[in-house]
Amino acid sequence: MTSHVSPDGLPLAGIKVLDLSAYIAGPYGCALLGDMGAEIIKIEPPEGDNLRKYPSTLAAESRAFLGINRNKRGLCLNLKSESGYEVLTRLVREADVLVHNFRPGVPERLRIDYATLAALNPRLVYCAMTGYGAKGPMARHAGYDQVLQSMTGMCASQGKADGPPEILYGSVVDYYGAALISNGVAAALYQRERTGRGQAIEVSLLGAALAMQSARLVYAEGEPLHIERDMRSGGITGIHPTGEGYLYISANTPHFWQALCTHLGLPDLAGHPDYDTVKKRAAQAAVLIPLVRRALAADTARNWAERFGQSVPCAVVNRVEDMFDHPQVRAMGFLREYENTQAGKYLGLARWAHFGAQDEAAPPSAPAPGAPGLGQHSRAILADLGYADADIERLLREAAVL
């Protein structure tokens, strides 16, 4: 199969990944592999990935779909058709990785379980993303980000002590699950270099939600089960109103606390024995916060951030769209231009890690391939697999491929 969209010099250049997943965690895990140079073929059913249908202020395509599925080629395949299944088996024979997020039992029904596909390609790295894992009483339940947040204590921890539980918006469990997928697949590919064989990997949203809370998820012998496990330092650290806008301040160390007091014109607080540790400042928050906020009200969040500079860790509370022109984001090359058949040209995330060979290359001058249209590359992928034109037309007529 001809290689596409695999920049030279990136660690996974030459690796071919079949992405049979939908929504966020599985597809974004594959996008992360693509960012490291792998060629990703997104395989969708005739109805398409449901993420395409999510609400969006973009008229032609879902913003979420564009952001999750960068740098992929699109193949629309009916796996319930024998001809469509035969196309998949051809792809599997030449692939390095397959990722899906079907519930346990579905892969066996579709004949895409690990045992079946490993018989076709023993070097295949096969990654299943599930909601709760492959065994246990909830194995066949549908798992979604905020369901797992609620189940695992994240919403209870996010809420204020005297308020209701709160959702962490931004699909944080999905995105962390995606990172675990790319990490697990990369490790399995490394092991394959030593053993010559692939393996099955299982990643779950339940595992991702628990892994995100490893600092809370400690139950020491002899202590009560129900105990305060909050890691928030409290006190001054947090978001504060200013004369204009909001500012996040972190002043946990003695050095930063003293610098903050100096900048705010509150030198008497800096060395006061009642406030000289994080724990003491948290206990005295009712006294300290009004003093800090009264001082902050004298200027804007942006001016305070400039004044604090490196002496006090802080950030103006921005909106995400402010990142498109942020000088640090631009300096690091985190964004680039993409192109999609429906949405046209757009800016999106380009790199989250920097590899030496990539940094030595010239900046891209043309838009990168963005998220694919439904079945956008079906004909080209079939041709790469060796299908003759007549066979491609037959598969399209049979609706085995769209």
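Q: In this predicted model, which residue of β5 is the bridge partner of Leu 98?
A: Happy to start there: Leu 98 has Tyr 126 of β5 as its bridge partner.

Q: What makes β4 and β5 count as paired strands?
A: Two strands pair if there are at least two bridges between them. Strand β4 (residues 97–100) and β5 have four bridges, in the parallel sense, so under that rule they are paired.

Q: How do you know that β5 and β6 pair?
A: The same test applies, with at least two bridges required. β5 and β6 have five, again in the parallel sense, and one of the links is Met 129 with its bridge partner Val 203 in β6.

Q: What makes β3 and β6 edge strands?
A: Let's look at the order first: the open sheet has six strands, running β3-β2-β1-β4-β5-β6, with parallel pairing. β3 (72–76) and β6 each have a single partner strand, so one side of each has no neighbour in the sheet. Neighbouring strands here are turned by 20 degrees against each other on average, direction ignored.

Q: Which helix packs on this sheet and touches β1, β2, β3, β4 and β5?
A: That is helix α1 (residues 25–35), whose direction makes about 165 degrees with that of β1. Strand β1 (residues 16–19) itself pairs with strand β2 (residues 39–44) over four parallel bridges, and Lys 16 stands opposite Glu 39 in β2.

Q: Why is β5 described as largely enclosed by the rest of the structure?
A: Buried means under 20% relative accessible area. Six of the six residues of strand β5 (residues 125–130) are buried, so the strand is largely enclosed. Both faces are covered: Val 125, Cys 127 and Met 129 are buried on one side, and Tyr 126, Ala 128 and Thr 130 on the other.

Q: Why is Ser 204 called buried?
A: Its relative accessible area is 13%, and the cut-off is under 20%, so Ser 204 is buried. This serine is found in strand β6 (residues 200–204). Leaving aside neighbours within four places in sequence, Ser 204 is in contact with Met 129, Thr 130, Gly 131, Tyr 132 and Gly 133.

Q: What makes the approach of Ser 204 to Gly 207 a polar contact?
A: A polar atom of the Ser 204 side chain lies 2.9 Å from the backbone nitrogen of Gly 207. The limit is 3.5 Å, so the distance falls within it.

Q: How do you know that the length of α8 is close to the expected span?
A: Helix α8 has 24 residues and reaches 34 Å from its first C-alpha to its last, close to the 34 Å expected at 1.5 Å a residue. This helix (residues 172–195) lies across β4, β5 and β6, at about 160 degrees to β5. Its buried residues include Val 173, Ile 181, Val 185 and Leu 189. After α8 comes Gly 196, with a positive phi near 80 degrees.

Definitions and conventions. Residues numbered from 1 in each chain as written. Predicted model: local features only at pLDDT ≥ 70, side-chain atom pairs only at ≥ 80, totals over all residues. Heavy atoms only, no water. Helix = DSSP H or I, 4+ residues; strand = E, 2+ residues; numbered from the N terminus. Buried < 20%, exposed > 50% of the residue type's maximum accessible area, 1.4 Å probe, protein only. Polar contact = N/O pair within 3.5 Å; in protein donor to acceptor, adjacent residues only side chain to side chain. Contact = heavy atoms within 4.5 Å. Axes fitted to C-alpha atoms, helices over the stretch in contact; angles between N-to-C directions. Expected span 1.5 Å × (residues − 1).
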